[in-house]
Amino acid sequence: MHLDFLRPMYDEIGDYVSVYTGTDRASEHANDAIAIRWEHAREQLAQAGASAESLQAVAEVISDPDRVAQGQAVFARHGAVTFAAALDGPPRREIARFAPLPHLMPLLAQHRPPIPHLRVSATRTGGEIVAIGGSGKVWRDWVAGQTWPVHKAKVGGMSQDSYQRSDEETWNENAKELATEAAKVAREIGAAHVVVGGDVRARTLFVDHLPKLLRASAVVVDDEVTADSQVLAGAADRALAGWAESEARERFDAWQAERAHGRGVDGLGRTMAAFRDGQIADLFLADDPTSTATALIGPGDSDIAVSPNELLERGLAENQILTDRADSALVRAAVRTDSELHFLPADLVQRGDPTADGGIAAPRDGVAAALRFSVEEA
């Protein structure tokens, strides 16, 4: 999971409002229920020190009837919303938090950012490409190939074979042109996956012309649908969830192997130390809403620690050191140091002492990291 699009949220820290609330307006008294939940959250946040301007900015998002969703996650600072996301279900917990950092962990766990990918509808005359970037931004592209001949010839006699070959050649050239454009768009947005629908013959030819990596990941939908259809969107969601979990498992297996060679760590203390040293390539987190673990942070991108001395040794003054949730601090460090975040599948997490933060025994504290280099290599 690449989180580059979240970098601007951490240009400064302090005084962040984070709100997760249900906003499903389907029932008769839904607006009243939303208003009551928000009033309760507003009171909590005001008592914690949130400014009236930030609370008003959040209120405008939550009360907006044009934002149709079962839930909203809204983050604000200094009177302005810095990020808002619609949830495809009610939030797992109603949250109203005022803290140094935005509390993004519940959002990332429940509504994970899309993996960059393409949705393609292939036709015999070209096709349509919908590209979805890691931030959710959508681009559309159309490819118009040759328009004649594109239908199987119905003539007889000696010329029939040549007409049919001409048809096939035209379809093939159009599919090749669509695949070339798709590969170009994939490179531009960093996509490694493609979901394909459309004409049965055209989509087969299209996949055949894709570069090897895209071809290997292609998911073919047996429907003649447009690239922006709900059919392709649903197929993409299912495929992406599988790809994300598969990649997390593969990366975690690699982490276990590399740990023996000094290229992997686990536990809050060791992981935070590796962040301070600029070592972390992949961060693995267990989704643990019950965690009460905390971390110390400073203004720098990699200012993260479990004890004040670790930051004081970096030259920070005591008044620059703030305390927040450990998962919020880890997400910030991953974003600001260009590390990839992976949620660990539940069966890879071993539960331990129930009195510990989250009760996770392995990977220790529910956190692990693969390193860009080992200490011995530095």
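My entries follow, item by item.

**Before starting.** I'm working from a predicted model, where local features need pLDDT of at least 70.

**Helix α1.** I started with α1, which runs over residues 30–48 and has 19 residues. From first C-alpha to last it reaches 27 Å, close to the 27 Å expected at 1.5 Å a residue.

Which residues of α1 are buried? I found Ala 30, Ile 34, Trp 38, Ala 41 and Leu 45. They sit on the same side of α1, because they cover an arc of only 65° around the axis.

What do the buried residues of α1 pack against? I noted β1 (16–22), α2 (52–62) and β4 (95–99).

**Cavities.** How many cavities of 30 Å³ or more does the structure hold? I count 2.

The largest cavity has a volume of about 190 Å³. I listed 16 lining residues, and the closest to its centre are Ala 286, Asp 288, Ser 291, Asp 327 and Asp 365. Helix α10 (residues 326–336) provides the largest share of that lining, 3 residues. By type, I get 9 nonpolar, 2 polar and 5 charged residues around the largest cavity.

The second largest cavity comes out at about 110 Å³. Its lining has 14 residues, with Arg 92, Arg 93, Ile 95, Pro 106 and Pro 289 nearest its centre. Here helix α3 (residues 105–110) gives the most, with 3 residues.

Which elements give two or more residues to its lining? Those are α4 (160–189) and α6 (212–217). Among the lining residues I wrote down Ala 183, Arg 187, His 193, Leu 213, Ser 217 and Trp 243. The lining of this pocket divides into 8 nonpolar, 2 polar and 1 charged.

**Val 220.** I picked Val 220, which lies in strand β9 (residues 219–220). I'm logging Val 220 as partly exposed because its relative accessibility is 48%, and exposed would need over 50%. Leaving aside neighbours within four places in sequence, Val 220 is in contact with Val 196, Arg 203 and Val 207. I also took a distance to Thr 290, 70 residues apart from Val 220 along the chain: their C-alpha atoms are separated by 39 Å.

**Glu 128.** Last stop was Glu 128, in strand β6 (residues 126–132). Is Glu 128 buried or exposed? Glu 128 counts as buried, because its relative accessibility is 12% and buried means under 20%. What is Glu 128 in contact with, leaving aside its neighbours within four places in sequence? My list has Arg 119, Val 120, Ser 121, Arg 140, Asp 141, Trp 142, Leu 178, Thr 226 and Ala 227.

Conventions
Residues numbered from 1 in each chain as written. Predicted model: local features only at pLDDT ≥ 70, side-chain atom pairs only at ≥ 80, totals over all residues. Heavy atoms only, no water. Helix = DSSP H or I, 4+ residues; strand = E, 2+ residues; numbered from the N terminus. Expected span 1.5 Å × (residues − 1). Buried < 20%, exposed > 50% of the residue type's maximum accessible area, 1.4 Å probe, protein only. Arc of directions from axis to C-beta. Contact = heavy atoms within 4.5 Å. 1 Å grid on protein atoms, 1.4 Å probe; cavity = no way out; pocket = protein on both sides within 12 Å on 5 of 7 lines; lining within 4 Å. Points joined across faces, edges and corners; volume = space filled by probe spheres on them. Nonpolar A, V, L, I, M, F, W, Y, C, P; charged D, E, K, R; others polar.
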